[in-house]
Amino acid sequence: MSVHTEIDFSQLLLLLKASSKEVVLQLCDVAFTLRQCNQIPTAVGMNASAMLGATIPEATELMKSLAQLIKMAVFQGCVDSQQVASLFPENFHKNLKELLAKIISERSNGWKITTINNQISLPKLIDFNWRADVKTASDSVSQMAVPTCILHLQVQENAGTIQTPASAAVHTVELSKETLETMLDGLGKIRDQLSSVSKQ
């Protein structure tokens, strides 16, 4: 399926009613946040309608098409205005095409970073600290002087976004000598396997 059949470019012509380039820029930024939405929120349609002096249904269809265009441009990795312009039909309004291509290409890097930051990811180890300790209290007398390792793991729980910094949590675990040896042996095997993969 071609880009031209996925996106209703005729809806984008409504942007010609914009009072300034800044209005178009604002609508593009909003459209980027809607790229995964199946339905444009009513409030967004109403706001775009007020900005362009159009009906709410017209503004809603515009935002849908604009979101699809931006999603396509980011997905295809368009990094300059010529690449973005190539997504448009040849007979599309020249000045509007150039304006949208310029805005999307200039915004693409920031949008890509935001997209990556918003992806679901596993927690990441940021830092760790440890200390050797000796148990001084236990239900069993035989455990009173057993050396242990207290391990503090600082973990980034989520990727975070530009607006919301990533949250981090510290997890503390206690490891006996035997458990620590088992863990170190396992980590050694992981290191060896990663080394062999990187050499392929």
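Predicted model: local features only at pLDDT ≥ 70, side-chain atom pairs only at ≥ 80, totals over all residues.
## The largest pocket

Let's start with the open space. The largest pocket holds about 240 Å³. Rolling a probe the size of a water molecule over the atoms is what shows where such empty space is left.

Around this pocket you will find L125, F128, W130, C149, L151, L153, L180, M183, L184 and L187. Three elements each give at least two residues to the lining: strands β1 (124-134) and β2 (147-156), and helix α7 (177-198). Of these, α7 makes the largest contribution, with 4 residues.

## Helix α2 against helix α4

Next, have a look at helix α2 (residues 21-33) where it packs on helix α4 (residues 56-75). Their axes lie 8 Å apart and meet at an angle of about 75 degrees. Angles of 65 to 115 degrees count as roughly perpendicular, so that is how α2 and α4 are arranged.

On the α2 side, L27, C28, V30, A31 and F32 make the contact, while α4 brings M63, L66, A67 and I70. By class, this contact has 9 nonpolar residues and neither polar nor charged ones.

## Helix α3 against helix α4

Helix α4 also packs with helix α3 (residues 42-52), at an angle of about 105 degrees and with 8 Å between the axes. The pair α3 and α4 is therefore roughly perpendicular as well.

Which residues make the contact of α3 with α4? From α3 come V44, G45, M46, A48, S49 and L52, and from α4 come I56, A59, T60, L62 and M63. The contact of α3 with α4 divides into 8 nonpolar and 3 polar residues, with no charged ones.

## Salt bridges

Finally, a word on charge pairing. Side chains of opposite charge can pair when their charged atoms come close. The model has 7 salt bridges, counted with a cut-off of 4 Å between side-chain nitrogen and carboxyl oxygen.

One of them links E106 with K102, whose closest N and O atoms are 2.9 Å apart. Where do E106 and K102 sit relative to each other along the helix? Both belong to helix α6 (residues 94-118), and because they are 4 residues apart, about one helical turn separates them.

Technical notes: Residues numbered from 1 in each chain as written. Heavy atoms only, no water. 1 Å grid on protein atoms, 1.4 Å probe; cavity = no way out; pocket = protein on both sides within 12 Å on 5 of 7 lines; lining within 4 Å. Points joined across faces, edges and corners; volume = space filled by probe spheres on them. Axes fitted to C-alpha atoms, helices over the stretch in contact; angles between N-to-C directions. Parallel < 35°, antiparallel > 145°, perpendicular 65-115°, else oblique. Contact = heavy atoms within 4.5 Å. Nonpolar A, V, L, I, M, F, W, Y, C, P; charged D, E, K, R; others polar.
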